[in-house]
Amino acid sequence: MLTTREYQILYAVMEFCNETGDLRARLLGLYGFNVTQQELNELKDKVLQLATG
């Protein structure tokens, strides 16, 4: 289980990646992950909830 601080860092990284380029394309190109935008949005929401306690 991650700490609240680690969730805050993860959320910031996700936000940065989303703002600087297509995160879905990067995940697919670099790691072979075929991720939907809905999956990313749901994950970001969960991380935000955990980051804010």
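Biologist: Which helices are included in what covers the buried residues of H3?

Modeller: This is a predicted model, in which local features need pLDDT of at least 70 and side-chain atom pairs count only at pLDDT 80 or more, while totals for chains, interfaces and linings use all residues. Residues are numbered from 1 along each chain as its sequence is written, and side-chain values use heavy atoms, with hydrogens and water left out. Helices here are DSSP runs of H or I with at least four residues, numbered from the N terminus, and buried means under 20% relative accessible area with a 1.4 Å probe on protein chains only, exposed over 50%, and partly exposed in between. What covers the buried residues of H3 includes helix H1 (4–20) and helix H2 (23–31).

Biologist: Within what arc do the buried residues of H3 fall?

Modeller: The buried residues of H3 are Leu40, Lys44, Val47 and Ala51. Because their directions, taken from the helix axis to the C-beta atoms, are gathered on one face of H3, the arc that holds these buried residues is 65°.

Biologist: Which exposed residues does the opposite face of H3 carry, the one turned away from its buried side?

Modeller: The buried side of H3 includes Leu40 and Val47. Turned away from that side is a face whose exposed residues are Gln38, Lys46 and Gln49.

Biologist: Is lysine 44 buried or exposed?

Modeller: Lysine 44 has its place in helix H3, which runs over residues 37–51. Leaving out residues up to four places away in sequence, lysine 44 touches Tyr11, Met14, Glu15 and Asn18, where contact means heavy atoms within 4.5 Å. The relative accessibility of lysine 44 is 19%, and therefore this residue counts as buried.

Biologist: Which residues does asparagine 18 contact, leaving aside its neighbours within four places in sequence?

Modeller: Asparagine 18 lies in helix H1, and because its relative accessibility is 34%, it counts as partly exposed. Once the neighbours within four places are set aside, the contacts of asparagine 18 are Leu23 and Lys44.

Biologist: What distance separates the C-alpha atoms of asparagine 18 and glutamate 42?

Modeller: Asparagine 18 belongs to helix H1. Along the chain, asparagine 18 and glutamate 42 are 24 residues apart, and the separation of their C-alpha atoms is 14 Å.

Biologist: Which element gives the most to the lining of the largest cavity?

Modeller: On a 1 Å grid over the protein atoms alone, a cavity is a set of points where a 1.4 Å probe fits but cannot get out, a pocket is an open set with protein on both sides within 12 Å along at least five of seven lines, and lining residues have an atom within 4 Å of a point. The largest cavity is lined by Met14, Asn18, Leu23, Gln37, Leu40, Asn41 and Lys44. The elements giving two or more residues to this lining are H1 and H3. With 4 residues, the element that gives the most to the lining of the largest cavity is H3.

Biologist: Which element gives the most to the lining of the largest pocket?

Modeller: The largest pocket is lined by Leu10, Val13, Met14, Cys17, Leu23, Arg26, Leu27, Leu30, Tyr31 and Leu43. H1 and H2 each supply at least two of the lining residues. With 5 residues, the element that gives the most to the lining of the largest pocket is H2.

Biologist: What is the phi of glycine 53 near?

Modeller: Glycine 53 follows H3. The phi of glycine 53 is positive, near 80°.
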